[in-house]
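Dear colleague,

Please find below the structure that I am handing over to you, with its sequence. My notes on it follow, and I would ask you to read them beside the model.

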Amino acid sequence: MEVEAVESNASRGGADHRPSSKKDRRVFWACVFIFVNSCFQCTAYFGVSTNLVNYLKDRLHQDSKAAANSVTNWQGTSSIMALVAAFLADAFLGRYWTIAIFMLISVVAYAVLTVSAAAALPGAALFYAGLYLLALGGALQPVLTSFGADQFDESDEEERRRQSSFFNWFYQTLNVGSLVGGTVLVWVQSSVGWGLGYGIPALFSVLAVAVFLAGTGAYRRHQPPGGSPLTRVAQVVVAAVRKYGVEVPADASVLYECETDDGMSAIQGSRRLAHTDQFRFLDKAAVETAGDKTRPSPWRLCTVTQVEELKCVLRLLPVLASGIVFAAAYAQMSSTFILQGDTLDPYVGGFRVPAAVLSVSETLSVMLWVPLYDRVIVPLARRATGRDRGFSQLARMGVGLVVLTAAMLAAGTLEVQRRRVVARHGMYDTNTGADGRYLPMSIFWQVPQYVVVGASEVFTFIGQMEFFYDQAPDAMRSLCSGLSMTSFALGNYVSSALVTVVARATARGGRDGWIPDDINRGHLDNFFWLLAMLCIGNFGVYLLIARWYTYKKTVD
């Protein structure tokens with residue numbers, strides 16, 4: 001199958017002389033194919049990942065600790081593979097072919113998992129082979145996001161608005177897929193069997209490939225691979241160090257730059273970037289000396305665009321760091337929120353609602369907030385601020401940081417009330433859930449904190465996704481989108497470390513501490529207050545980062 005490579009100038013914002021209605025229809029259908037593909041991929045992925053720990057315990061007979069570690073290791077590998085896929089897309093394969101190849105790998109992975117589960121084969125080798133093939137083939141979100149956003153003409157004001165809306169609805173498809181995979185398919189695995197429970201994700205993976213390939217004719221823009229971004233970054237660093245004693249001229253226009261006949265940079269498919277004053281030391285790499293004219297070498301002389309590529313990445317790192325703290329607080333949904341919920345009354349009539357299932361309310365909150373943000377909040381903000389996107393991307397993420405602080409305060413307030421119920425009924429030593437004794441307090445009091453977390457996710461996670469795409473150099477957008485996802489993975493590790501440190505530090509001297517095994521004797525409320533303070537401190541630092549940040553500028 002041959003994919004037409006649209007010329008660089010058109011693909012990165014140059015004029016497209018096709019009729020507007022035809023152009024709009026192609027963008028619409030391209031987005032439809034990408035959204036459906038994303039939904040199918042997520043349904044399959046979460047159909048495996050959500051209940052994986054139980055498969056490892058039931059079928060492979062691992063204990064709880066070993067199963068939890070296996071899942072953590074696999075998820076960490078998936079995060080790394082996302083960066084590998086993004087690197088290959090930007091450097092060598094292009095985004096279309098990376099998506100197609102890696103999805104085919106994921107089909108093989110799901111097939112191996114299905115055979116292993118259905119045949120109940122002895123040993124874990126075949127199952128782990130399929131699982132780690134899935135870690136490789138399923139790591140496509142940053143590439144798929146970038147490919148979808150590429151379909152919009154950034155030189156057109158209306159299409160830039162639609163591109164911003166694209167990120168909201170793309171995230172919506174992720175939530176729909178995770179909801180179906182994490183509920184319906186988990187029920188099939190638990191109630192019907194693992195063979196069918198893994199066979200359905202395999203079917204969804206095949207459908208995902210079919211839908212993506214069916215949309216090939218609608219994909220009008222294809223960012224060509226620009227070569228290894230790691231090599232270009234290394235060349236800038238080496239050239240700047242080698243010219244340590246060279247003075248950077250005050251007039252940036254004399255720095256070295258070259259362009260192609262169509263006005264693009266020397267990096268294939270990448271627009272030229274305007275010079276910025278931050279990280280001035282790196283500008284030494286673009287200072288042309290007499291030796292560079294006689295013995296030109298990319299390891300001694302780099303273009304301004306190449307230098308600015310590295311500056312773009314360096315400016316993104318502090319924003320990434322602020323996202324780690326956000327993700328650490330967000331991760332409480334799968335840890336301390338569940339510990340809290342395990343003690344509360346889960347019954348509605350004769351129906352029991354497990355604490356972990358309550359996280360569905362957060363997913364539903366996101367699904368409610370996405371259209372509310374896109375169709376109500378953004379138009380109102382657009383009229384108030386005059387910005388195409390309503391808010392600047394940094395402002396949007398900042399709002400999410402504040403909202404998550406409110407979620408931690410809500411969780412802490414509920415915990416104070418929960419501990420009062422514990423004291424009133426003398427239930428300090430109740431082994432909650434094991435003997436059926438729960439506090440006379442409904443688990444649905446947790447719903448508000450889950451809903452608020454969902455609102456913060458729409459502002460910060462989607463804002464971060466859009467920001468890292470928009471502010472990345474053209475030839476590094478997949479890689480920078482993958483980099484933004486690492487903040488979520490790192491936040492989970494920070495959360496685990498924080499829980500461990502706090503539990504040990506507060507349990508000295510024979511005390512129960514804040515997070516003991518029986519949290520009825522602990523002070524989980526203090527832990528939520530600590531997280532709220534960390535969120536406030538993170539927001540304060542974020543304001544300084546936002547004030548310091550310089551937005552990327554292209555020469556055109």
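Helix H18 (residues 524-548) consists of 25 residues and reaches 36 Å from its first C-alpha to its last, close to the 36 Å expected at 1.5 Å a residue. The expected span is 1.5 Å times one less than the number of residues in the helix. Helices are DSSP runs (H or I, at least four residues), and they are numbered from the N terminus.

Please note that this is a predicted model, in which local features need pLDDT of at least 70 and side-chain atom pairs count only at pLDDT 80 or more, while totals for chains, interfaces and linings use all residues. Residues are numbered from 1 along each chain as its sequence is written, and side-chain values use heavy atoms, with hydrogens and water left out.

Several residues of H18 are buried, including Leu524, Phe527, Phe528, Leu531, Cys535, Tyr542 and Ile545. Here, buried means under 20% relative accessible area, exposed means over 50%, and partly exposed lies in between (1.4 Å probe, protein chains only). The buried residues of H18 pack against helix H12 (304-330), helix H13 (336-341), helix H15 (393-425) and helix H17 (477-506). Contact means heavy atoms within 4.5 Å.

I turn now to pairs of helices. Two packed helices are described by the angle between their axes and the distance between the axes. Axes are lines fitted to C-alpha atoms, for helices over the stretch in contact, and angles run from 0 to 180 degrees between N-to-C directions.

The axes of helix H5 (residues 95-119) and helix H9 (residues 194-214) come within 8 Å and cross at roughly 165 degrees. H5 is therefore roughly antiparallel to H9. Angles under 35 degrees count as roughly parallel, over 145 as roughly antiparallel, 65 to 115 as roughly perpendicular and the rest as oblique. Among the residues that make the contact are Tyr96, Ile99 and Met103 of H5 and Trp194, Tyr198 and Phe212 of H9. By class, the contact of H5 with H9 has 19 nonpolar, four polar and no charged residues. Ala, Val, Leu, Ile, Met, Phe, Trp, Tyr, Cys and Pro count as nonpolar, Asp, Glu, Lys and Arg as charged, and the others, Gly among them, as polar.

For helix H7 (residues 141-150) and H17, the axes come within 8 Å and cross at roughly 130 degrees. H7 is therefore oblique to H17. Gln141, Pro142, Val143 and Ser146 of H7 meet Arg477, Ser478, Ser481, Gly482 and Met485 of H17. The residues of this contact divide into three nonpolar, five polar and one charged.

Not counting residues up to four places away in sequence, Thr98 touches Ala85, Leu88, Ala89, Leu93, Leu140 and Val143.

His61 lies in the loop between helix H3 (52-58) and helix H4 (64-93). Its phi is near 60 degrees, a positive value in a residue other than glycine. With 67% relative accessibility, His61 counts as exposed. Phe279, in the loop between helix H10 (229-242) and helix H11 (290-294), likewise has a positive phi, near 55 degrees. Phe279 is partly exposed, at a relative accessible area of 30%.

Yours sincerely

Technical notes:
Helices (H or I, at least four residues) and strands (E, at least two) are DSSP runs, numbered from the N terminus.
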